[in-house]
Amino acid sequence: MELFRALGTLIESPSAEHARAAAALGLPAVPTPAEHGRVVARQRYPYASVYLGAEGMMGGEARDRIAGFRRALGTPDREADHLSSLLGLLAALDEWPRREPDPARRALLAHARVALAWEHLAPWTGPYLASFRGCGTAFYEAWAGLLGEALTRLEGELVFPDRLPAALRAAPALPDPRRDGGDALIAGLLAPVRCGMILLRDDLVRLADDAGLACRAGERRYALKSFLAQDPGPTLAWLAGHARRWRSRVAAAGPAPIAKWWSERAGVTSRLLSELAVEVRTPAPGTFAAP
């Protein structure tokens with residue numbers, strides 16, 4: 001379980017201690033703080049709430065759910081849903097039962113370990129780790145692969161519930177702009193749990209290059225809105241392809257029921273965006289209009 005604790009620290013901003021941990025784990029050289037900023041801090045935010053919350057942002061109900069779990073265990077944390085904190089707690093929940101003389105307390109801690117893994121790690125780590133493929137930094141690609149392998153081994157050791165985690169059961173669907181408006185669609189595309197995919201700033205740069213659009217500086221929301229205003233057909237078609245690729249990418253990312261959920265949600269998003277791309281090219285009364 002020390003492996004989880006070490007891997008958790010390595011997603012934080014690089015330090016001298018990281019170099020020693022990376023060498024011990026056989027990982028490539030630790031990247032610079034600037035590279036960490038480009039790959040992680042400004043794109044792949046290591047917070048569960050970003051991927052499990054309906055808003056696609058840190059905080060909210062998704063974070064409160066994890067914070068409540070931690071309070072019940074007596075382990076509150078200011079960054080309750082940060083990956084490093086969650087992996088550290090996972091390691092601790094493996095250690096504490098060995099020092100616990102009370103059988104009832106040991107059973108409770110074992111149950112908490114399963115709940116942590118199933119409810120608060122497995123629902124989002126598959127897509128999150130998949131987002132590092134092709135990130136251009138050997139360290140983070142290797143780190144994501146090693147953590148994914150460790151979580152897969154853990155899955156084989158634990159008996160998970162036969163129903164989806166609460167965050168996935170409660171996840172709202174992607175808004176249909178023909179009913180909810182274009183701004184609602186954009187917000188949904190930036191909330192992974194609603195659309196089944198992760199849309200990075202790097203992805204939007206690729207979208208601009210592929211579709212011949214001007215990439216507006218600023219937040220993803222404004223860039224995406226600008227693309228849809230410039231040329232909605234190619235933008236929607238590119239996004240449909242991105243969702244289709246994510247459907248394949250997450251199909252085996254994590255426990256089978258969770259991977260299936262993410263894959264199916266990405267598939268629904270791809271079909272909706274494909275329909276919209278056709279509609280904006282041949283508009284009819286009542287069809288989607290770009291925001």
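Colleague: Which helix gives the most to the lining of the largest cavity?

Modeller: H5, with four residues. Bear in mind that this is a predicted model. H4, helix H5 (60-73) and H7 each supply at least two lining residues there.

Colleague: What makes a residue count as lining that cavity?

Modeller: A lining residue has an atom within 4 Å of a grid point. The residues that pass for the largest cavity are Ala48, Ser49, Leu52, Ala62, Arg63, Arg65, Ile66, Glu119 and His120. By class they split into four nonpolar, two polar and three charged.

Colleague: And why is this space called a cavity and not a pocket?

Modeller: Because a 1.4 Å probe fits in a cavity but cannot get out, whereas a pocket is an open set. The largest cavity holds about 40 Å³.

Colleague: On to the open ones, then. What is the volume of the largest pocket?

Modeller: About 450 Å³. It has 19 lining residues, and Tyr45, Gly56, Met57, Leu190 and Arg220 are the closest to its centre. Helix H4 (48-52) and helix H14 (220-230) each bring at least two residues to that lining.

Colleague: How many residues of that lining are nonpolar, polar and charged?

Modeller: Ten are nonpolar, three polar and six charged.

Colleague: What about the second largest pocket: which helix gives the most to its lining?

Modeller: H8, with nine residues. The whole lining has 23 residues, and Gly126, Leu129, Gly148, Thr152 and Gly254 lie nearest the centre. Helix H7 (103-130) and helix H8 (138-157) each supply at least two. The volume is about 390 Å³, and the classes are 13 nonpolar, six polar and four charged.

Colleague: Now H11. Which of its residues are buried?

Modeller: In helix H11 (residues 182-189), those are Gly182, Leu185, Ile186, Gly188 and Leu189. Buried means under 20% relative accessible area, so each of the five falls below that mark.

Colleague: Why do you put them on the same side of H11?

Modeller: Because they cover an arc of only 165° around the axis. In general, an α-helix has 3.6 residues a turn, so residues three or four places apart point the same way.

Colleague: And what covers the buried residues of H11?

Modeller: The cover includes helix H10 (177-180), helix H12 (192-195), H14, helix H15 (232-249) and helix H16 (256-281). H14 also supplies at least two residues of the largest pocket's lining.

Conventions:
Residues numbered from 1 in each chain as written. Predicted model: local features only at pLDDT ≥ 70, side-chain atom pairs only at ≥ 80, totals over all residues. Heavy atoms only, no water. 1 Å grid on protein atoms, 1.4 Å probe; cavity = no way out; pocket = protein on both sides within 12 Å on 5 of 7 lines; lining within 4 Å. Points joined across faces, edges and corners; volume = space filled by probe spheres on them. Nonpolar A, V, L, I, M, F, W, Y, C, P; charged D, E, K, R; others polar. Buried < 20%, exposed > 50% of the residue type's maximum accessible area, 1.4 Å probe, protein only. Arc of directions from axis to C-beta. Contact = heavy atoms within 4.5 Å.
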